[in-house]
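Please view the sequence and the structure together while reading.

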Amino acid sequence: MRHENTPYGRLCIGSLPELYTRLVDHFETTAGSSGDAFTVGLTGGSTPKAFYEWAVASKALSDVVRRHAVWSVSDERMVPLSDSESNFGTADRQWLTPMGVAPERKFPWPVMVDPHSAAAAFQMRWQERFGSERAFDLCLLGMGDDGHTASIFPGSPLLIVDSGDYFAPVDVPGKGWRLSITPDGLAACGKIVVMVTGAAKAERLKAVLEGPEGVYPVQLLSRFSEKVEWLVDELAMA
Ligand SMILES: O=C1O[C@H](COP(=O)(O)O)[C@@H](O)[C@H](O)[C@H]1O
């Protein structure tokens, strides 16, 4: 793997197995440094699905991680967990359940109420259980083709509203209501890992990393670049 420093964090560039192994290392390291329970916000969309498949096939999760991690997602769609569009539901079906993660270590967003109640309830329950200092110990993110991250899309009110909330509802034009970690929530995460893979992401990734700042939502990561690592494959870096 090779490494580059950018204004948005450190890039690790390598093959998919190298990136996936590095991600598993992050779980292990966070497990080792976070005491009894550590919290992970998984990402959604298509990118993590290949990781889930690899991780199950290679039995990549250690007992320590399985027993101590509490799993949620950094953003969610307002659909039942059984829906293929559900970020948590997908992670659960494709990875958490096959790896034997216990139900009490799973923390999905409560999507069956209205979006405002869902975000407020999630934040309240999360903070009751883990305190208000941290959002996630380890937050995974992706980058959409339009430069969005979590459900913070171009022009999103989440980029300008500074409520101090870690989690919020957001109406995404053309996509409907979503639930998302906010910029304040990202600031309150221990470590952030962004996974970007595939040729379809190459043009946007180049614009994000080399173009002017403040254009794409994912560029907000420059605010806390010292805790951000990007896992990028050669196709996305081309
Ligand atoms: O809508 C979403 O998109 C982003 C990027 O997804 P990908 O399919 O391009 O990998 C994802 O990170 C986010 O969690 C998801 O809700």
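The points below treat the annotated domain, the sheet, and the helices in turn.

This is a predicted model, in which local features need pLDDT of at least 70, side-chain atom pairs count only at pLDDT 80 or more, and totals for chains, interfaces and linings use all residues. Residues are numbered from 1 along each chain as its sequence is written, and side-chain values use heavy atoms, with hydrogens and water left out.

**Annotated domain**

- An unreviewed UniProt entry lists residues 25-230 as "domain: Glucosamine/galactosamine-6-phosphate isomerase"; such annotations may be inferred rather than shown by experiment.
- Across residues 25-230 the chain is 32% helix and 18% strand, where helices (H or I, at least four residues) and strands (E, at least two) are DSSP runs numbered from the N terminus.
- The end C-alpha atoms of residues 25-230 are 14 Å apart.

**The sheet**

- Seven strands form an open sheet with mixed pairing, in the order β1-β2-β10-β9-β6-β3-β4; two strands pair if DSSP finds at least two bridges between them.
- β1 (2-6) and β4 (69-73) stand at the edges with a single partner strand each, so one side of each has no neighbour in the sheet.
- Neighbouring strands of this sheet are turned by 20° against each other on average, direction ignored.
- β1 and β2 run antiparallel and are joined by five bridges; a hairpin connects them through two residues.
- His 3 has Cys 12 in β2 as its bridge partner.
- β2 also pairs with β10, in the parallel sense, over five bridges, and Gly 14 has Asp 233 in β10 as its bridge partner.
- Five of the six residues of β2 are buried (under 20% relative accessible area, with a 1.4 Å probe and protein chains only).
- β3 (residues 38-42) and β6 (residues 138-141) pair in the parallel sense over two bridges, and Val 40 stands opposite Leu 138 in β6.

**The helices**

- Helix α1 (residues 16-33) lies across β2, β3, β4, β6, β9 and β10, running at about 155° to β10; angles run from 0 to 180 degrees between N-to-C directions, and axes are lines fitted to C-alpha atoms, for helices over the stretch in contact.
- Helix α4 lies across β3 and β4, at about 135° to β4.
- The axes of α2 (residues 47-57) and α4 (residues 87-96) come within 9 Å and cross at roughly 25°, which means that α2 is roughly parallel to α4 (an angle under 35 degrees).
- Their contact (heavy atoms within 4.5 Å) involves residues including Phe 51 and Tyr 52 of α2 and Trp 95 of α4.

Conventions. Angles under 35 degrees count as roughly parallel, over 145 as roughly antiparallel, 65 to 115 as roughly perpendicular and the rest as oblique. Buried means under 20% relative accessible area, exposed over 50%, partly exposed in between (1.4 Å probe, protein chains only).
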